[in-house]
Structures are given as structure tokens and as C-alpha cells.
Amino acid sequence: MKSMKLVCAYLMFLISLMGGANVVYALNINTANIEELQEMKGVGETRAQAIIAYREQQGPFAQIDDLLEVDGIGEATLERNRDIFTVD
């Protein structure tokens, strides 16, 4: 019985992994809060705060590449996240 529970738990784990791989996620950089921005690759608290400060001072981003104007955001960070960033 114990081995059956273990097998079921393992199968549920595998199914959850497969389901997570199909999730499409988009992050609107004009509305994202600090916690959401920090989920992006290469964006920690300091960079997330810089994105929000820039947005508050300059207004909404017109295009994804405008992130390059934010201190601490370079090509590498932008490219790692380009597929999920949106301005809509």
C-alpha cells in the first residue's frame, strides 16, 4: 500500500511538471508590480525598482526596447525576457 501511494505521488508530480511546461506567461512592464518584475530572469529588487521609477517619471513604455533606457537593464536582461515582456 505504501508503495502504491509513492507511485501515485510520483505520477502526480510528473503530471504537474508537464502541465507547467505549457503555460504561456506574459508580463506587462507598464503595469507589473515589483514582485512580478522580480520573477524575470536577471531582475532583482534594485532593477525592478528602477523599472518602476522610470515608468513613474517617464510614463508608460511604448515598446519593449525602451527598457534599455532604465539603469541596470542591458541587452542581456532584455533578451532573456523578451518573449514574455509586453507593453499592452
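In this predicted model, Ile34 belongs to helix α2, which spans residues 34-38, helices being DSSP runs of H or I with at least four residues and strands runs of E with at least two, both numbered from the N terminus. Apart from residues up to four places away in sequence, Ile34 touches Glu45, Ala48, Gln49 and Ile52, where contact denotes heavy atoms within 4.5 Å. Between Ile34 and Ala50, which are 16 residues apart in sequence, the C-alpha to C-alpha distance is 9.7 Å.

Asn28 is located in strand β1, residues 27-28, and counts as buried because its relative accessibility is 14% (buried, under 20% relative accessible area; exposed, over 50%; partly exposed, in between; 1.4 Å probe, protein chains only). The side chain of Asn28 reaches the backbone nitrogen of Asn30 at 2.7 Å, and, when neighbours within four places in sequence are left aside, Asn28 is in contact with Thr86, Val87 and Asp88.

One aromatic pair is present in the structure. The ring centres of Tyr54 and Phe61 lie 5.4 Å apart with their planes at 15°, so this pair is stacked (rings of Phe, Tyr and Trp, the last by its six-membered ring, pair if their centres lie within 6.5 Å; planes under 30 degrees apart count as stacked, over 60 as edge-to-face and the rest as tilted). Tyr54 is partly exposed, at 21% relative accessible area, whereas Phe61 is buried, at 4%.

Residues are numbered from 1 along each chain as its sequence is written, and side-chain values use heavy atoms, with hydrogens and water left out. Local features require pLDDT of at least 70 and side-chain atom pairs count only at pLDDT 80 or more, while totals for chains, interfaces and linings use all residues.

Note on methods:
Polar contact = N/O pair within 3.5 Å; in protein donor to acceptor, adjacent residues only side chain to side chain.
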